[in-house]
Amino acid sequence: MKSSAPLIFAFIVGIIVLLSEFIPHSPFNEIVSTLEGWFMIISGFAILLGQISLIRMNTHKIVHKLDNWQYHLAGLISFGLMLALGLLWGMQETPGILGDATGIQAWLGQKPFDYLFENAYLPLSATLFSLLAFFIASAAYRAFIIRGLESNLLMITAIIVIIGRTSIGTMLTGWLPESLHFWHFPNLADFIMEFPNTAAQRAILISAGLGIVGSSLRIILGIERSYLGGDK
Amino acid sequence: MRKTLLSLLFLILIGLLMANTFSAKDSPWDDGKSIDLVWEISPMAIKVEICRQDADEPKRVLLTCSDPSGSFRDNELEPNNEYHYQLKAYFQDDDLTLSASAQTRAQWFYMGKLGFLLLLLLVCGAILYYIQAARHGKEFFIRRIAGLDSMEEAIGRATEKGKPILYVPGISDLDDIQTIASLTILSHLAERAAEYDTEIIVPCRFSMVLSAAKEVVREAYLKAGRLDAYKPDNVFYLTDDQFGFVAGIDGIMLRRKPAANFFMGSFYAESLILAETGFATGAIQTAGTAQAHQLPFFVVTCDYTLIGEELFAASAYLSKDPQQLGSLKGHDFGKLVIILLIILGVILEILETSNLKEFIAGAIS
Amino acid sequence: MKISVLAERRIIYLVLLIAVALPLLFPIGWKTEVSGYTQMAYDLIENTPENKVVIISFDYDPSTMTELQPMGEAMIEHAFKRDQKIIATALWPMGVQMAEQAFEKVLRDYPDKKRGLDYVNLGYKVGGMVTIQAMGRDLKEVYPNDTRNTPYDQIPLLANTRRLKDVAWVSSLSSGVPGLKEWMMVARDSYNVPVTGGCTAVSAPGFFPYVNEQRQLTGLLGGLKAASEYESLIGRLGSATTKMDAQSVAHLLILVFIALGNIKVFVAKKKKTTKTKAFIIKRRKSND
């Protein structure tokens with residue numbers, strides 16, 4: 001029963017959701033909106049599970065003074081600080097338990113939560129995303145090597161798209177007459193992105209879509225059970 | 001007599017030309033939330049206004065135009081309700097008011113989705129057919145997927161070095177099928193890791209993925225008979241924030257220096273940050289995603305990449321279960337159908353016939 | 001002199017840092033040509049009549065605000081210019097603050113625009129596509145109050161807006177899931193509301209197929225370049241335009257790195273061939 005109950009449940013719910021896609025009559029449309037509501041409620045509660053796991057894992061490492069326990073302490077302190085500031089004084093126009101922190105706002109210019117958000121969290125987040133630029137440079141230096149026909153084609157298209165996506169592309173070929181406008185770098189870059197790139201992306205999307213259909217069917221029919229933790 | 005008949009005919013003709021009609025009908029093949037209004041009035045009309053008069057609500061103007069004939073669909077109504085409409089046509093010296101009413105009724109099928117249903121039945125039917133064929137002993141050939149064959153090599157390398165394996169199940173929640181596909185691969189990998197006594201680290205972005213991953217890894221260790229070696233703290237939640245999650249994983253890679261990294265599931269802009277950091281640590285890397293625009297980053301930085309469909313085929317490939325392998329054959333049949341439809345569609349478009357396109361896109365009204 | 005792989009990487013990062021920083025400090029002023037995708041997005045907003053209610057959904061967090069925030073500011077300014085009424089929503093938690101910051105910046109040039117009358121921030125709701133589907137049925141049910149706890153019915157802008165169909169267009173500025181795709185699947189496919197939006201440059205190729213005849217997406221702003229194109233269309237010298245110089249220099253530098261990488265491999269290959277030839281000649285001589 002323990003192993004078959006989830007499979008039966010997955011089958012029933014899967015078939016109902018599938019049918020509701022094609023049957024507009026009640027109760028199918030109501031079942032789907034009910035399931036949607038349940039998902040929203042569960043998502044909200046599930047956040048709590050994650051926080052408990054986070055606190056537990058970090059506390060264990062701190063208490064047992066495992067390797068790099070200082071980082072885990074810093075993580076917990078940051079978590080606790082933001083939580084406390086948000087609860088006590090709120091954020092933006094939303095007041096907290098202790099009100100709107102007018103005194104602190106006069107000193108900092110804004111609420112403590114907002115201050116830390118804008119001056120600590122925002123720069124950290126933007127910095128991590130900006131690492132992409134550096135990693136693209138090092139990956140390009142390492143990977144764009146001419147070895148054969150395919151790598152040659154890759155190189156040529158990469159150069160056209162890189163130049164075409166900047167102001168330099170506009171300047172380099174902006175002087176071309178109207179009849180040769182196709183060879184204008186930005187237009188060439190757009191052509192490559194719109195046709196060969198889109199064709200390849202659509203092919204991958206189609207095959208991934210079929211993979212999703214097959215995978216979902218296997219899960220609904222109970223043939224695929226690994227996601228539950230065990231095979232038959 | 002002849003003159004009288006001709007006069008009568010002339011009067012009837014004039015009458016017909018001057019006939020004003022306004023009708024309301026429940027929209028066919030829908031969820032009972034719309035009514036189709038059709039009107040035809042004298043071309044002398046300057047303005048046409050259509051209103052809906054509900055029982056407890058003020059009159060609501062739906063449409064104002066100058067077309068003497070036309071149609072309009074009133075949407076977002078409630079099923080099984082009676083609605084009353086009024087058409088007011090304004091002429092030079094006069095105006096005309098016509099009324100119509102209809103009851104909304106939900107049908108049992110969205111006819112506009114017939115094309116979609118037929119395609120789905122065809123593909124699902126093929127998958128079921130091949131599963132049945134596999135059950136009856138038919139063997140199907142599946143080509144080598146290097147990324148999946150390399151799993152053993154990666155685990156072996158990690159065991160030799162005495163380093164852990166890092167497995168990232170994507171950055172989407174459990175409602176994304178890529179995450180579920182990733183968890184099925186995790187199950188096989190965790191079982192192998194348990195057999196080799198290699199530590200496996202699984203950071204999760206969402207709590208529901210955490211719960212599922214914990215269960216998957218635990219069951220894998222149980223199946224391998226190594227429940228004693230299972231460490232629940234190795235499957236943990238990091239943060240919901242996308243780049244916070246990436247920062248956490250990068251930290252794990254740089255500190256713990258796993259010998260093998262697996263990035264399986266849904267990834268976005270952080271894919272290159274993860275893979276490049278892993279490359280810098282010298283780990284053997286395998287990635288798999290159906291996000292087509294992230295694949296180039298993984299291909300460039302990882303040793304093996306599962307492209308699109310290969311991620312969903314992984315479970316069948318790894319388990320070697322004949323039924324699951326049979327379902328992969330169904331995917332191939334689906335691809336054949338789509339190729340034929342594309343060729344047919346291109347030919348029909350060249351011939352300026354768009355019936356097939358409209359049927360599949362659901363333009364039937 | 002042999003340089004280690006680690007040192008090579010560090011040199012690349014340092015050179016890139018300098019190359020990107022300099023144009024930000026000393027702007028060059030290169031011009032950008034407007035692409036078709038950006039023009040489509042612009043035309044949608046430009047051709048929407050006055051006083052229409054529109055939605056701009058801020059579905060990103062601070063990590064991608066460099067590319068997406070300028071788009072948000074430009075679209076808000078464009079909508080204000082066209083006297084459209086803006087509803088800001090967010091499917092990502094940080095999107096609420098992103099929206100507030102964008103409004104704050106644009107309102108400096110439009111002080112006559114009033115919250116509640118010309119724009120409103122309804123805030124964040126968890127659930128992604130499920131939330132958008134619920135918005136399609138009843139906006140008030142999803143957002144009973146705005147971010148200032150003003151009840152839905154007391155916001156004049158929302159008086160005649162109860163569901164997605166009452167909105168003229170939706171723009172989703174997104175850097176992942178949930179985001180643009182979900183808005184397209186619900187607002188456009190189910191309710192026939194035109195959807196446009198913006199995304200990061202790396203995600204843009206994945207969305208191009210949706211800008212098609214069926215207008216699943218009505219235009220797309222893909223990355224910083226598209227943001228600067230949009231700014232040039234509305235006649236605004238925003239942050240995207242100033243950052244494009246740095247992006248152009250960075251792109252050129254990457255081309256230089258690719259060339260250097262190829263030269264390095266070519267030289268190494270040649271050295272290896274020369275060494276092998278010399279070894280073979282030596283062996284032959286010793287055998288003789």
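Domain bounds here come from an automatic or database domain assignment. With that in hand, start with chain C: its assignment gives domain 1, made of 5–25 + 246–287, and domain 2, covering 36–237. The C-alpha centres of domain 1 of chain C and domain 2 of chain C sit 45 Å apart.

Before going further, a word on what you're looking at. This is a predicted model, where local features need pLDDT of at least 70, side-chain atom pairs count only at pLDDT 80 or more, and totals for chains, interfaces and linings use all residues. Residues are numbered from 1 along each chain as its sequence is written, while chains are lettered from A and ligands numbered from 1 in the order in which they are written.

Most peptide bonds are trans, and most residues other than glycine have a negative phi. The bond from A:Ser26 to A:Pro27 is cis, with omega near 10°. You'll find A:Pro27 in the loop between α1 (4–20) and α2 (28–63) of chain A; helices (H or I, at least four residues) and strands (E, at least two) are DSSP runs, numbered from the N terminus. Over in chain C, C:Val177 and C:Pro178 are also joined by a cis peptide bond, with omega about -5°, and C:Pro178 lies in the loop between β4 (170–174) and α7 (180–188).

Next, have a look at C:Asn149, which isn't a glycine but has a positive phi of about 65°. C:Asn149 is in the loop between α6 (139–142) and β4 of chain C. C:Asn149 counts as exposed because it has 11 C-beta neighbours inside 10 Å; a residue is buried with 20 or more other C-beta atoms within 10 Å of its own, exposed with 12 or fewer, and partly exposed in between, with C-beta atoms placed from the backbone.
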